[in-house]
Amino acid sequence: MLNIFLTLSFLVSVIAFLFALYLYLWVRKHKVENKEIERISLLIKKGADTFIKREYKLLAAFELAVFILILIFFPQPVWKGSISGNVLTAFAYILGSIFSALAGKIGILVATLSNGRCAEGAKKGLKDAFLIGFRGGAVMGLLVVGCCLFGVALVLLLTNDTGVLLGFSFGASSLALFAKAGGGIFTKSADVAADLTGKVELGIAEDDPRNPAVIADNVGDNVGDVAGMGADLFDSNVAAMTSALVIASSLSGSVAAMEMVFCYALLGLLASILGIAAARVGKDGNPTRALNSSTYVTTAIFLILTAAATYFVEGFSWNIWLSSATGLIVGLIIGLTTDYFTDDTKPVVRKVAHASASGAAFTILSGTSYGFVSCLPAMAGIAVSSLISYQLCAPLGEGYAIFGIAMAAVGMLSIVGMIISNDAYGPIVDNARGLAEMGGLGEETIRIADELDSAGNTVKAVTKGFSIGAAGLTVISLLGAFMSETNAALAEAGKPLITGFDIMNPTVFFGLLVGAAIPALFSAMLILGVDKNAQRMVEEIHRQFSTIPGLKEGNAQPEYSQCIDIAAKGALKELIPAGLMTIITTLLVGFIAGPLAIGGFLVGNIVSGLLLALFMSNAGGLWDNSKKYIESGNEGGKGSDAHKAAVIGDTVGDPYKDTAGPSINTQITVVSLVASLASALFASFSLFG
């Protein structure tokens, strides 16, 4: 019966692709009549396409090198016998990379197509502009989840080996790691430089066309928040399914367990299709409420469909359904708590805005404090979800407890099609707001675009919290997948099996301490990359304002391409070292101290990584919306001391929330997958293990 669910997975994926094509054609039929908007939209599209082409060219060389290493070493070195498993894993790795890259590339195509049309739609009213922005983002959401489900089903159908799926997932994760890091460095270099020179030094608007960094900032929204975040969530979704399938394959009722994974995943995609189709906002409606309502509708549809499937399909367990439902509900709760700490209609953002009137130091202190406070409910939610899932499924048999946690991750990511649609909506309407100002569409159009942008910022913060929570559950289940792969290798070698990771064991504790330090070092490398790149761009902006006659007065055009080039070169230079550091460190720990140390390494990496990711994402969103709250006329409004302090807070928060924070999600997934792929090597070769 598993083949039936594989066939249904292909069918629902194709439906998602066709619906995405319909939405793409619907967006494209809207015309851009304003010549200035058309010109700037083409600049943004050209800049995004150029960067993605250069980034993917660089990553292709990296992928080729890893492909060769997998052929030689993983899951076993060539000198130990047959390498058929290595060949399949290597090609699955390439396939995962291609699917991830394709989703990001098409997402950028649609986002850059949608932004100018969304700006033009705002002239007609909120309803038209909202639908263009949301449906443009929905193309990305449908493609990402469709590619995930189609790819996982295809690999399993062709190989009938869940271990090979680890290669597919690693391909998605490694590309996502570099795409998110590179896109994040690009976008935040431009954003920080544009804000500091424009708002603080010159007192001009955020999207003033006189600012040479403004187009690079808009390009960055697409390469960071569309391609980067799409690759990130594609990776999380693939990793969740992979870990669940790897664990399921080792259970007594493995076929039914694997069927449940595919059944729930395809019903989640179907629920997202229905939720996207139903998304609407009234003429004078609330975009934030419309986005959140679509998420709730999608959630309800998923719970109903999976409950029906669990009732009617023989072998499906209500305990596993409850685990999946728990993961999804906890994901929504994490999103709501994130909203409380980052929404400018809530008290926390307003308190930080008020503190900004006393200076930038108080902006930073208050934002940092509330950012740390915001970690508790999300971390507790992940802990509660994993505990409930574990307890629910432990009575089903050996191995089912960890499978329950894996299914909680699958459940949390079941509506990821809707989550990505909401997330990709953010950069589209952000660009639309800038284009409305640069195209001179009038105050009312800019006001509507601002309202759409505000909703995008709020929902984007929620999706980041959701994706971090999902990453938390996913890597816990990947830890289970690592144990499963390692024990298989240990059994083959006649060595004692691993039953757990005791932190009182010095070997485990060694790994735990090293693993806990990696997310901090990784974050520092990315933020320093933004820092150095932004400084270079600030120098370029100063050069242009001092050497181009009439630029300050608006009588000359800035050299936008210079800032785009600086952002691109800096991002490509900085993205590889941080990613390589995480992979090489994982291998070193394994070869030095063996599987037990890697278990501790993964535990430390997960806990430290989740804490830092939540803190940076929430603190960054909090500072961003505090600035926007002041810009809307509160605490002295634009140009006030509070505003200047809030801009500084936002420039600190930008690389937190859009570069380092979300990239940690992928980092903890990558090291978990590297550990699983290399488990046989660690079991055979280690100095002290």
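Applying the ring criterion (rings of Phe, Tyr and Trp, the last by its six-membered ring, pair if their centres lie within 6.5 Å) to this predicted model gives a count of 22 aromatic pairs. A pair of aromatic rings is described by the distance of the centres and the angle of the planes. Planes under 30 degrees apart count as stacked, over 60 as edge-to-face, and the rest as tilted. One of the pairs is Phe 62 with Phe 178, which comes out as edge-to-face, with 4.7 Å centre to centre and 75 degrees between the planes. This pair links distant parts of the chain: Phe 62 sits in helix α2 (residues 35-73) and Phe 178 in helix α5 (residues 162-202), 116 residues apart. Helices here are DSSP runs of H or I with at least four residues, strands are runs of E with at least two, and both are numbered from the N terminus. Phe 62 counts as buried at 12% relative accessibility, and Phe 178 counts as buried at 0%. For these labels, buried means under 20% relative accessible area, exposed means over 50%, and partly exposed is in between, with a 1.4 Å probe and protein chains only.

Tyr 400 and Phe 403 make another edge-to-face pair, at 6.2 Å centre to centre and 85 degrees between the planes. An α-helix has 3.6 residues a turn, so residues three or four places apart point the same way. Both Tyr 400 and Phe 403 are buried. Elsewhere, Phe 10, Phe 17, Phe 99, Phe 150 and Phe 168 come together as one aromatic cluster.

As for bookkeeping, residues are numbered from 1 along each chain as its sequence is written. Since the model is predicted, local features need pLDDT of at least 70 and side-chain atom pairs count only at pLDDT 80 or more, while totals for chains, interfaces and linings use all residues, and side-chain values use heavy atoms, with hydrogens and water left out.Turning to helix packing, the axes of helix α6 (residues 214-248) and helix α14 (residues 416-438) come within 10 Å and cross at roughly 180 degrees. Axes are lines fitted to C-alpha atoms, for helices over the stretch in contact, with angles from 0 to 180 degrees between N-to-C directions. The two helices α6 and α14 are therefore roughly antiparallel to each other; that label applies over 145 degrees, with under 35 counted as roughly parallel, 65 to 115 as roughly perpendicular and the rest as oblique. On the α6 side, the residues in contact (heavy atoms within 4.5 Å) include Val 214, Asn 218, Asp 225 and Met 229, while those of α14 include Ile 419, Asp 423, Pro 427 and Met 438. The residues of this contact of α6 with α14 split into 10 nonpolar, 4 polar and 4 charged. Here Ala, Val, Leu, Ile, Met, Phe, Trp, Tyr, Cys and Pro count as nonpolar, Asp, Glu, Lys and Arg as charged, and the others, Gly among them, as polar.

Helix α14 itself has 23 residues and reaches 33 Å from its first C-alpha to its last, close to the 33 Å expected at 1.5 Å a residue; the expected span is 1.5 Å times one less than the number of residues. Of the 23 residues of α14, 22 are buried, so the helix is largely enclosed by the rest of the structure. Gly 417, in α14, is buried with a relative accessible area of 1%. Gly 417 and Gly 141 are 276 residues apart in sequence and 4.5 Å apart in space, C-alpha to C-alpha. Not counting residues up to four places away in sequence, Gly 417 touches Gly 141, Val 145, Ser 272 and Ile 276. Just after α14, Gly 440 takes a positive phi of about 65 degrees.

Ile 415 is placed in the loop between α13 and α14 and counts as buried at 0% relative accessibility. Leaving aside neighbours within four places in sequence, the contacts of Ile 415 include Ser 272, Thr 295, Phe 302, Leu 328 and Phe 466. Ser 324 is found in helix α9 (residues 318-342) and counts as buried at 1% relative accessibility. With neighbours within four places again set aside, Ser 324 is in contact with Tyr 264, Phe 302, Met 407, Ala 408, Gly 411 and Met 412.

Two loop residues other than glycine have a positive phi. Asn 160, in the loop between α4 (126-159) and α5, has phi near 55 degrees and counts as exposed at 66% relative accessibility. Glu 635, in the loop between α17 (560-631) and α18 (641-677), also has phi near 55 degrees, and is partly exposed with a relative accessible area of 32%.
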